[in-house]
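Please look through the sequence and the model shown here before reading on.

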Amino acid sequence: MKISGALLVLLLLGEAVSQSKRQSKANVKTPAQSRKGLNAAGELAQTATEEDTFIGVLPPVRDALALQLRSPSLAPLPALKALNNMKLFFLRNSGVTCNDGTAAGYYLRESRGSKRWIIFLEGGWCCYNKETCDTRYKNIRRLMSSSDWPQTKKGTGILSAQMEESPHWWNANAVFVPYCSSDIWSGTLPKSRQDYAFMGSLIIQEVIKDLVPKGIKHAKVVLLAGASAGGTGVLLNLERVAALLEELEAEAVQVRGLVDSGWFLDINHPRQSDCSDAASHAPTDAIKKGLRMWNGILPEKCRQQFKKADEWQCFLGYRLFSSLKSPVFVVQWLFDEEQMKLENIHLSSQSLEENQWNYIQNLGRELRNSLRDVPAVFAPACLSHTLITKSYWMEFQVKGVSLARALQCWERSLQESNKGPKVPPRSCPFHLIDSCPWPHCNPTCSALPGHPTGSEGSFMQTLLRLRLDVPRKAQELKS
């Protein structure tokens, strides 16, 4: 590429990033500075009681935990590790299993005295026929079997037990539900009827039942969260979880959803008709076939909106969202790399064809438009996939507001109104969607691993890496 072309882009780059620069406050730390250390809650240290859902009044603590709270550097490392880890429990109902018939289960870190629970559904796409399931079992068996699951698991991101990594949820009861059903958490089919079981929806139900002796009936807040296919699983199962908790007489609980990178779209993109695996098959076709194979169960209110042949559309967030009663917060990258991979667009390839670049731009526009009427949303214009369980999840901002801050504002709004979120005040917003049109035009995208620091460098390198006609793209941006 000629230097003149690169210079032209740099001259016109302000068109794309000026909006993002206006959003970023002058006194906001850069991602590199943020990694050097945050205070316990950063800009979030504003509330005082657990009912306000954030740092909260602590239950009585002793020994290593008390030492950690006073001075984390002084606590014995083995004691801290034991406190931070979640422990594996297998479901008491042995009839609800992973794909291969092994026991399904969950990881739990209890927080005695806390009435707040976060239950996280793992992601990992799906399989939809014998061939794709056999390939999945051969290559990524942990997503179909519990035979090699470790006895403990460390919580990261929002599931972390460290106050500086998860300032709002570090002392909540944390549950991680491994994904081993390959059905986007929708299936109800036992193994006895075929080679594989697909029981994702039933696994969630059994996890809730098994948590009753642990105290979930006395919860004030249950946040059902998930990433990728787990995020879609939240949308599909949220009302069912709320109904089950009500049936279990947990009447005081508020059930909420947190959807990370599970807001998929059905955008048409030219592809080869021959597709033999889940990665190259059109995602809508995979869901259509899978729904029948999994004996998938869908939210009733959404299902009633479609004919039998079109019920698969309830897997799409923008189709399902309006039928949900429980409040939901959506976290969604506007340029979701996994959605691109499902459409056979791989950014690691040497170059992109023109129609692929057009798809990427259209994906950003369509995701932005589909989220416009969602009251609680955080949507940065970055190329990535999933966020909330990453250790660096608090480093991103939209319009100068971090995701952790937006979640805090959303939860505060819900406390003030049981009917749902109010219009957020300017001082505490939680409807945050980037309006700049290009991948990585948000300056905080540089916090992503593998990308250079600095918005101009990151944006420029993205264009060069994709080997686009840079001068012409710059002219298009200017017009």
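Strand β7 is mostly covered, since 6 of its 7 residues are buried, where buried means under 20% relative accessible area, exposed means over 50%, and partly exposed lies in between (1.4 Å probe, protein chains only). Strands here are DSSP runs of E of at least two residues, while helices are runs of H or I of at least four residues, and both are numbered from the N terminus. β7 (residues 254-260) runs parallel to β6 (residues 221-227), and 7 bridges join the two; one of the residue pairs is Ala225 with its bridge partner Leu258 in β7. This is a predicted model, in which local features need pLDDT of at least 70 and side-chain atom pairs count only at pLDDT 80 or more, whereas totals for chains, interfaces and linings use all residues. Residues are numbered from 1 along each chain as its sequence is written, and side-chain values use heavy atoms, with hydrogens and water left out.

β6 and β7 belong to an open sheet of 10 strands with mixed pairing, in the order β4-β1-β2-β5-β3-β6-β7-β8-β10-β14; two strands pair if DSSP finds at least two bridges between them. Because β4 (152-154) and β14 (431-433) stand at the edges with a single partner strand each, one side of each is left without a neighbour in the sheet. On average, neighbouring strands of this sheet are turned by 20 degrees against each other, direction ignored. Helix α6 lies across β1 (85-90), β2 (105-109), β3 (116-121) and β5, and runs at about 150 degrees to β5; such axes are lines fitted to C-alpha atoms, for helices over the stretch in contact, and angles run from 0 to 180 degrees between N-to-C directions.

The chain as a whole has 15 helices and 14 strands, and 57% of its 479 residues count as buried. Among contacts between residues at least 6 apart in sequence, 76% join residues at least 24 apart, a contact being heavy atoms within 4.5 Å.

How far the model can be read is a separate matter. The chain averages a pLDDT of 80, and 70% of the residues score at least 70, pLDDT being the predictor's confidence in each residue, from 0 to 100. Over residues 1-75 the pLDDT is below 50, although this stretch has 132 contacts in the model beyond near neighbours in sequence. Residues 271-280 also have a pLDDT below 50, with 22 such contacts. Where pLDDT is low, the predicted coordinates should not be read in detail.

Several single residues complete the picture. Thr188 is found in the loop between β5 (173-177) and α6 (200-210), and, not counting residues up to four places away in sequence, Thr188 touches Phe198, Met199, Leu202, Trp294, Asn295 and Ile297. A polar atom of the Thr188 side chain lies 2.7 Å from the backbone oxygen of Asn295.

Ser413, in helix α13 (residues 403-416), counts as buried because its relative accessibility is 6%. The C-alpha atoms of Ser413 and Phe430, which are 17 residues apart along the chain, are separated by 9.4 Å.

Glu249, in the loop between α7 (229-247) and β7, has a positive phi of about 70 degrees although it is not a glycine, and is exposed with a relative accessible area of 59%. Lys399, in the loop between β12 (397-398) and β13 (401-402), likewise is not a glycine and has a positive phi of about 55 degrees; with a relative accessible area of 40%, Lys399 is partly exposed.

Notes
Polar contact = N/O pair within 3.5 Å; in protein donor to acceptor, adjacent residues only side chain to side chain.
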